[in-house]
Amino acid sequence: MGKSNIMEFFGIVIIKLILFQQWTNCAGSDTHWTYTGSVGQFQWSEYFPDCGGTKQSPIDVETAQVQHDSSLTPVRPLGYRQPGKEPFTLTNNGHTVEMSLPGWMGLGGLPWIFTALQLHLHWGSSGSRGGGSEHTIDGHSSAAELHVVHYNSEVYANVSAAKKQSDGLAVLGVLIETGEDTNPAFENIIGYLGSIKHPGMTVSVPAFDVQTLLPLNLGRYFRYNGSLTTPPCYQSVLWTVFTERVKVSHTQLRKLETTLFSSESEESHSIPLQDNFRNTQPLNHRMVLASFPPETVPIYSVGEVCAMVIGALCGCIGLAVIACFVVKTIRSKETQKEPKQDVVFKTTSDPEKEEATTQPEP
Ligand SMILES: *[C@@H]1O[C@H](CO)[C@@H](O)[C@H](O)[C@H]1NC(C)=O
Ligand SMILES: *[C@@H]1O[C@H](CO)[C@@H](O)[C@H](O)[C@H]1NC(C)=O
């Protein structure tokens, strides 16, 4: 009897321990998630249920399937060009480099006024196949992607109240590719990464014009309802993905890809912070809107345009040659006819003459 009581007691203790373990897992907004591995992106939904939802981000934008909406006016950054005197704080949070934005910065040109929170980047790794962007356009990824995160301050008191609501957040997505020139705007971030190599480290960067990070054309973009691209993946984001890409130099991209670590400095095995992008998620019948009308004429390559111009020229020359030939043959026929007419005249006039000469005879 006493033996079974003890076994029962231990049984309950073990069950309680298991339940506690599961509870801490579920409750863990601080569960240590990663992009690959035991809590990698394919396991996120086990710990963060929203990550398994039907309106997840990022997505592949299929340009042939987007719907033009002429009511989508250019996005209006508010206060981006007034950085103020206080420095910005740049943080390695173990998943990305994040820069906090002052509360006077915001976003207009959307259904509500949004207030800026932070911006961060997603990237790949040197020599990685496609690129490190999260959104892809017709299956093509870019080298990296900038996200500027805002909350709906017209409807909600703060980000805590807004972050789970379907109209709670607005994120600007900027696709980044490489070029020859150093991008001075991005140097305001990339130039300081060496000071925040490990998670939890922060550095102050002198305030700068944040709008210089954005493309020039803020009127051409894709718009859709999606989610945060990292746990807890709340489906609360009104996305704006610009079609114009910004360029950073190859050196800047390499620094972004190789400077940070996702492991603490004390840990013996340093894990580089790379490939921090989520795979594209199913669209699930969501509409992707475009602020611009579809291209009415198919886009031709330079080679095709050259071929068309040469073809048209050859066609014109050919027609001209044919026209010349026709005109010449008509003229030559006319010149051949003229002498015949003379002959006819002569032959007809001759008997007349004969008649005229013979008439007075009788
Ligand atoms: C956010 O707003 C809600 C609702 O107004 C309020 O209850 C909460 O205390 C606020 N949280 C913070 C962190 O300010
Ligand atoms: C996003 O969802 C809201 C509410 O469900 C809807 O009114 C709006 O049209 C959607 N926006 C887009 C771009 O699909």
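Visitor: How much space lies in the largest pocket?
Guide: Happy to start there. This is a predicted model, and the value is computed from its atoms. For the largest pocket, the space comes to about 630 Å³.

Visitor: Which residues lie nearest the centre of the largest pocket?
Guide: The lining consists of 25 residues. By class, they split into 13 nonpolar, ten polar and two charged. Nearest the centre are Gln118, Leu228, Thr230, Pro231 and Pro232.

Visitor: And the second largest pocket: how do the residues of its lining divide?
Guide: This pocket has a volume of about 310 Å³. It is lined by 16 residues, with Thr34, Tyr35, Ser262, Ile271 and Pro272 closest to its centre. The lining divides into two charged, five nonpolar and nine polar residues.

Visitor: Which residues surround ligand 1, and what part of its accessible area does the protein cover?
Guide: Around ligand 1 we find Ala157, Asn158 and Ser160. On its own, ligand 1 has 360 Å² of accessible area, and the protein covers 28%.

Visitor: How far from an oxygen atom of ligand 1 does a polar side-chain atom of asparagine 158 lie?
Guide: Asn158 is one of the residues surrounding ligand 1. A polar contact needs N or O atoms within 3.5 Å. Here, the polar side-chain atom of asparagine 158 and the ligand 1 oxygen are separated by 2.4 Å.

Definitions and conventions: Residues numbered from 1 in each chain as written. Chains lettered and ligands numbered in written order. Predicted model: local features only at pLDDT ≥ 70, side-chain atom pairs only at ≥ 80, totals over all residues. Heavy atoms only, no water. Near = heavy atom within 4 Å. Polar contact = N/O pair within 3.5 Å; in protein donor to acceptor, adjacent residues only side chain to side chain. Areas by Shrake-Rupley, 256 points an atom, 1.4 Å probe, with all protein chains shown as cover. 1 Å grid on protein atoms, 1.4 Å probe; cavity = no way out; pocket = protein on both sides within 12 Å on 5 of 7 lines; lining within 4 Å. Points joined across faces, edges and corners; volume = space filled by probe spheres on them. Nonpolar A, V, L, I, M, F, W, Y, C, P; charged D, E, K, R; others polar.
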